[in-house]
Amino acid sequence: MGHIVLLGDSIFDNGAYVEPGEPDVVTQVQAKLPGGWRATLCAIDGAVAAGILPQMARVPDDATHLIVSVGGNDALRHSGILREPARSVAEVMTRLADVRDEFAGDYRAMLSAVSDRRLPTAVCTIYDARFPEPEEQRLVVTALSIFNDIITREAFARGLDLIDLRLICDEADDYANPIEPSAKGGDKIAAVIVQVAAGRAFLPRSQIYAR
């Protein structure tokens, strides 16, 4: 019997954003699991990578799989940089590099704490979001690539599974607002989580050769 634990932010803790009466992600995961399996929500809306440690303290002793989705709020915290004036491209790149370095440190420390549990673990990328203004959407997707590079590198370096939410939540109605998953988006996320953890269906998958 398996016990999946969801760690991270409002990608999983999305109950406040779905329409009344619609299920949140953990409910959708539970509904798709084989008999006897359980899902527990430890994720907290608003969490950043450095804030996962308190969530780890709440992981049940019988947990068998950890799924982590965090980083979107780290990016949101630095979103003001997109509107800051700059004198050169080099100045912009330096600011972005500083943001990248900060996130890399926080994300690596977070994954080290998660890995200490020695459980099968999957991490999620940050999805592209859905901003109504095309130019803002373009800027956001470009900026998020900096954070997603860290996530993918750290996952592959540690041999962890990667759930690429950019490819899963790829339609406008997968979002309840520009940055939160709708019940439809949550259902798609839940289906992949169950496939990754419980192995109920064959998943065409890419092989990553890191060494």
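Q: Counting Ala, Val, Leu, Ile, Met, Phe, Trp, Tyr, Cys and Pro as nonpolar, Asp, Glu, Lys and Arg as charged, and the others, Gly among them, as polar, how does the lining of the second largest pocket split by class?
A: That lining has 20 nonpolar, 9 polar and 4 charged residues. Bear in mind that this is a predicted model, where local features need pLDDT of at least 70 and side-chain atom pairs 80 or more, while totals for chains, interfaces and linings use all residues. Residues are numbered from 1 along each chain as its sequence is written, and side-chain values use heavy atoms, without hydrogens or water.

Q: How much space lies in that pocket?
A: About 550 Å³. A pocket here is an open set of points on a 1 Å grid over the protein atoms alone, where a 1.4 Å probe fits, with protein on both sides within 12 Å along at least five of seven lines; lining residues have an atom within 4 Å of a point. The volume is the space filled by probe spheres on points joined across faces, edges and corners.

Q: And which residues are closest to its centre?
A: Of the 33 lining residues, those are G72, A75, L76, V140 and L144.

Q: Which elements give two or more residues to the lining?
A: α3 (72-77), α4 (89-115) and α5 (134-157) do. α5 gives the most, with 6 residues. Helices (H or I, at least four residues) and strands (E, at least two) are DSSP runs, numbered from the N terminus.

Q: Switching to the sheet: what's the strand order?
A: β2-β1-β3-β4-β5, an open sheet of 5 strands with parallel pairing, where pairing takes at least two DSSP bridges. At the edges sit β2 (38-41) and β5 (161-163), each pairing on one side only.

Q: How many bridges join β4 and β5?
A: 3, in the parallel sense, with β4 covering residues 121-124. One to look at is C124, whose bridge partner in β5 is I163.

Q: Is R118 buried or exposed?
A: Exposed, because its relative accessible area is 77%; exposed means over 50%, buried under 20% and partly exposed in between, using a 1.4 Å probe and protein chains only.

Q: What about A129, where is that?
A: In the loop between β4 and α5. A129 isn't a glycine, yet has a positive phi of about 65 degrees. At 5% relative accessibility, A129 counts as buried.

Definitions and conventions
Nonpolar A, V, L, I, M, F, W, Y, C, P; charged D, E, K, R; others polar.
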